[in-house]
Amino acid sequence: MNTARAKKTVKPGFDGTKVSKVSVRVSSNRTTKQSVRALPGTFEWRYGRGGPGMYLYHAGSHYARLWEQAGTASASSPNLNGTTGVGWKGIPDKRLEAMEELKGAASVLGALVSARLTAYCAQGLTAKQIGQKFEISERDVAPVLEQDLVACAKCFGYK
C-alpha cells in the first residue's frame, strides 16, 4: 500500500476562478502588482481589475462592507476592545451605524436595487445567477447591474 501520497493543491481554475494581476496603489507615488482570484461574472472580476470604473468597485465594496458589518456582529458576542470582565449587552455601535447607513441607502436606492447589490457585491453571485434570480434577460443583466452600481456610487458620494 502506498502511504506517500502527493498533496493535492487547489490551483486557480479548479472551481472556475481565474487569476489576474492588478496594480495596487500603496502610496501617492508607488504601486505594486497583486494577484486577484475571482470567478468570471462576479463583481470582483468585472470591477476589481482596474479600469475607468474603479469608483464603481469602491462603491460596491463599501456597500458589501456595510452589509457584512450590519449582519455579522452578534449581539451576544463578547467585547473584544481590550476590556476584561463582564461583557456588554446589546448591539455594538458599529453594527448599529452600519444598519442605519444601509437603511438610508435602501430608502434612496429602493428595495430591488438593494437586493441586487447585496447579491452581486456582498454574496458574490455571478451576473448570470442574478439574472436567473431576478428574472432579467441574460443580455440585460450587465447594464442593469452597472446602473445599480452607479446609483450606489451616487448614494455613497463616490461620484
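Phenylalanine 43 has a relative accessibility of 2%, so it counts as buried; that label means under 20% relative accessible area, with exposed over 50% and partly exposed in between (1.4 Å probe, protein chains only). The model is a predicted one, where local features need pLDDT of at least 70, side-chain atom pairs count only at pLDDT 80 or more, and totals for chains, interfaces and linings use all residues. Residues are numbered from 1 along each chain as its sequence is written, and side-chain values use heavy atoms, leaving out hydrogens and water.

**Exercise 1. Work out how the aromatic pairs are arranged.**

Step 1: Rings of Phe, Tyr and Trp (its six-membered ring) pair if their centres lie within 6.5 Å; planes under 30 degrees apart are stacked, over 60 edge-to-face, and the rest tilted.

Step 2: count. There are 2 aromatic pairs in the structure. In one of them, phenylalanine 43 and tyrosine 57 have ring centres 5.4 Å apart and planes at 15°, so this pair is stacked. It links distant parts of the chain, 14 residues apart: phenylalanine 43 sits in helix 1 (residues 43-47) and tyrosine 57 in helix 2 (residues 54-72). Helices here are DSSP runs (H or I, at least four residues), numbered from the N terminus. Tyrosine 57 is partly exposed at 23%.

Step 3: take phenylalanine 43 with tyrosine 120. Their centres are 5.7 Å apart and the planes make 70°, so we call it edge-to-face. Here the partners are 77 residues apart, with tyrosine 120 in helix 4 (residues 111-122). Tyrosine 120 is buried, with a relative accessible area of 2%.

Step 4: Phe43, Tyr57 and Tyr120 end up in a cluster linked by ring pairs.

**Exercise 2. Find which residues of the largest nonpolar core touch the most other members.**

Step 1: define the core as a set of buried Ala, Val, Leu, Ile, Met, Phe, Trp, Tyr and Cys residues joined through side-chain atoms within 4.5 Å.

Step 2: read off the contacts. The largest core has 27 residues, and Leu117, Tyr120, Cys121 and Leu149 touch the most other members.

Step 3: see who contributes. Helix 1, helix 2, helix 3 (93-109), helix 4 and helix 6 (141-156) each supply at least two residues, and helix 6 gives the most, with 7.

**Exercise 3. Locate the salt bridge and say what it ties together.**

Step 1: apply the cut-off, a side-chain nitrogen of Lys or Arg within 4 Å of a carboxyl oxygen of Asp or Glu.

Step 2: name the partners. Aspartate 148 bridges to arginine 116, with the closest N and O atoms 2.5 Å apart. Aspartate 148 belongs to helix 6 and arginine 116 to helix 4, so the bridge ties together parts 32 residues apart in sequence.

Step 3: check burial. Both aspartate 148 and arginine 116 are buried.
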